[in-house]
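User: I am new to reading protein models, and I would like to learn how such terms are applied. Could you take me through this one step by step?

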Amino acid sequence: MSTSSGTPESWISSFCSLLGHEYFAEVSEEFIEDDFNLTGLQNQVAMYKEALEMILDVEPEDDEDDEDEEEEDEEDVSGGDGPGGRAHGERRHHSRVASDLSVIESSAEMLYGLIHQRFICSRAGIQQMSEKYELGHFGVCPRANCNQTRTLPVGLSDIPGEDTVKLFCPSCLDVYVPPNSRFQTVDGAFFGRTFGALFLLTFPEYDLSRTAAETAANLPRSATEQGMINGMYPHNIAPGLGRLKIYEPRIYGFKVSEYARSGPRMQWLRDKPDNMDVLDEARNFADEHGEHGGDSDDDDESMSMNGGRPTARRRPAGNARLRQRQRHNGSPMVVDVNGAESEL
């Protein structure tokens, strides 16, 4: 394949231009040539060396064939042209068997996909995916209350062959099947589980609360920027969820009871607090207990009154059972014997 300028198209460019590969980013050859980025992939891909050569458009070479070529050249010089000989100076061409090409091609696609999973989590890769996200290459969320928020391709597993690629909506924090069937042949492991969350933390400036029309018109933000909560702005934390963003089934204008057969039993899954400050647990803990947790001064005072020996601080008896259960991670082997807790 070649481009309009006449230069041959690389394997990476031709792979990303195939139908159904619109979600893929073009991994740079510098990233692939760094052995550190390929750690552990040799044991996961069959015919690893040949697949890597195909991705990098490197002509296949074999050290043993090169040695045989030198020996045959020496024989040709000494014996001249014979039935099995070649003229002096003629180069030996390496060629793959046609039956091996399909195997190498599938291995190259698998290897590129696993490299792609790591590349889009790097600085250069996530920047390239950001450009595709701004252009809307990944589509929009099909949920009505998300106002066509742009989605991100993610995988539900990092292991190849377990599931296909899905679309993650940062507005409702849910995943959806791509609308076109051509994407259902793309392995989800080629994007992985890390990319979606890492993308939102890397680019917190994206305003997810704006509608698709406002995003397309590139209108300025009306609301002033607030402080960040856990690395994200409050208006970007699930803007498609919460009050007035959840569908309520009605019959003749009346709400359907939760106890009805068609009632909204799972409505709490799409709920969120009205005040997003309650999610900033670190700041709330510091405000409640002080900078050092509110225990250091009391501990120093108790140690000074007891000759430097720390004393056990009493805690409410009502939380003893909860702490015991948390210590055993809710083990069913914890039983009560005569009012005292013990573990079998």
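Analyst: Accessible areas come from the Shrake-Rupley method with a 1.4 Å probe, and for residues only the protein chains shown count as cover. Computed in this way, the accessible surface of the protein is about 22900 Å², of which carbon and sulfur atoms hold 51%. The model is predicted, so local features need pLDDT of at least 70 and side-chain atom pairs count only at pLDDT 80 or more, while totals for chains, interfaces and linings use all residues. Residues are numbered from 1 along each chain as its sequence is written, and side-chain values use heavy atoms, leaving out hydrogens and water.

User: How many aromatic pairs are there?

Analyst: Rings of Phe, Tyr and Trp (its six-membered ring) pair if their centres lie within 6.5 Å, and planes under 30 degrees apart count as stacked, over 60 as edge-to-face and the rest as tilted. By this rule there are 17 aromatic pairs.

User: Why is the pair of Trp 11 and Tyr 112 called edge-to-face?

Analyst: The ring centres of Trp 11 and Tyr 112 are 5.8 Å apart and their planes stand at 70 degrees, so the pair is edge-to-face.

User: What makes Tyr 133 and Tyr 206 count as buried or exposed?

Analyst: Buried means under 20% relative accessible area, exposed over 50%, and partly exposed in between (1.4 Å probe, protein chains only). Tyr 133 has a relative accessible area of 3% and is therefore buried, and Tyr 206, with 14%, is buried too.
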